Amino acid sequence: MTVATKRSEQMYASLRDALLHGEYAPQQALRPQELATRHGVSLAVAREALLRLVGEGLADRLPNRGFAVPATGAERWKQISEARATIEPMAMHLAVERGDLEWESRVRASFHRLAGTPMHDRDGDPHLSDAWSEAHRLFHRALLEGCGNDVLIAIFDRLWTDGELARRWAAALSSLGRDALAEHRAIEEAALARDADLATELLRHHVGWTAVALNHRANMEV
């Protein structure tokens, strides 16, 4: 790994972490020269890191205006939510029908890890911890892996990455009174009871909650 590549990786990781922990507001400008100076890298390295973040849906590239944090009410979030609500229940239904004993074991283990991982690093912190976010991803992935279709899982992986920032923003809206653990437990129980219709409906409702929360936030910001 060259020095330039190492610096690009370090800046990318640092900026990604800052975005996911709410250190930048929706639609805030991400100015390459300012970020390059702050991180002690070249302008080219800063732009490379920002372009990677654009690819993950964590930043927007603006024509002739540089980069910015996405808006909470962006059309992309609606499209991602719609795609997830279409793809994941389909994969869930197949997983319940096809999943074997090993799949059941992975689902149970991933839910146990999720339930035992604190959602926040500190009391009062509205932002999700990295450990919980990873446990959350692994639980949802384990649920769908039983479908036996690598193409569907690859689509899930892409959509999950694209929607990570929206998911973190939505999770910070605790005022909506959501019990995320209860939702996950209900999905797990329905899946392992081999009730494909119930598991599918619960997952569809669960996935749609992010879009509802973001619409609520966008309306509050108007």
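This report describes the cavities and the strand sheet of a predicted model.

## Cavities

Rolling a probe the size of a water molecule over the atoms shows where empty space is left. In this structure, a search of the whole model finds two cavities of 30 Å³ or more. The volume of the largest cavity is about 80 Å³.

## Lining of the largest cavity

Ten residues line the largest cavity. Those that lie nearest its centre are Ile-80, Ser-81, Arg-84, Ala-166 and Thr-210. Helix α4 provides the largest share, with four residues.

The lining can also be sorted by residue class. Five of its residues are nonpolar, three are polar and two are charged.

## The sheet

Strands of a sheet pair through backbone hydrogen bonds, either parallel or antiparallel. Here, three strands form an open sheet, and their order is β1-β3-β2. The pairing in this sheet is antiparallel. Strands β1 (29–30) and β2 (60–62) stand at the edges, and each has a single partner strand, so one side of each is left without a neighbour in the sheet.

## The pairing of β2 and β3

Strand β3 covers residues 66–68. It is joined to β2 by three bridges, and the two strands run antiparallel. Within this pair, Asp-60 stands opposite Ala-68 in β3.

Terms used:
Residues numbered from 1 in each chain as written. Predicted model: local features only at pLDDT ≥ 70, side-chain atom pairs only at ≥ 80, totals over all residues. Heavy atoms only, no water. 1 Å grid on protein atoms, 1.4 Å probe; cavity = no way out; pocket = protein on both sides within 12 Å on 5 of 7 lines; lining within 4 Å. Points joined across faces, edges and corners; volume = space filled by probe spheres on them. Nonpolar A, V, L, I, M, F, W, Y, C, P; charged D, E, K, R; others polar. Pairing = 2+ DSSP bridges.
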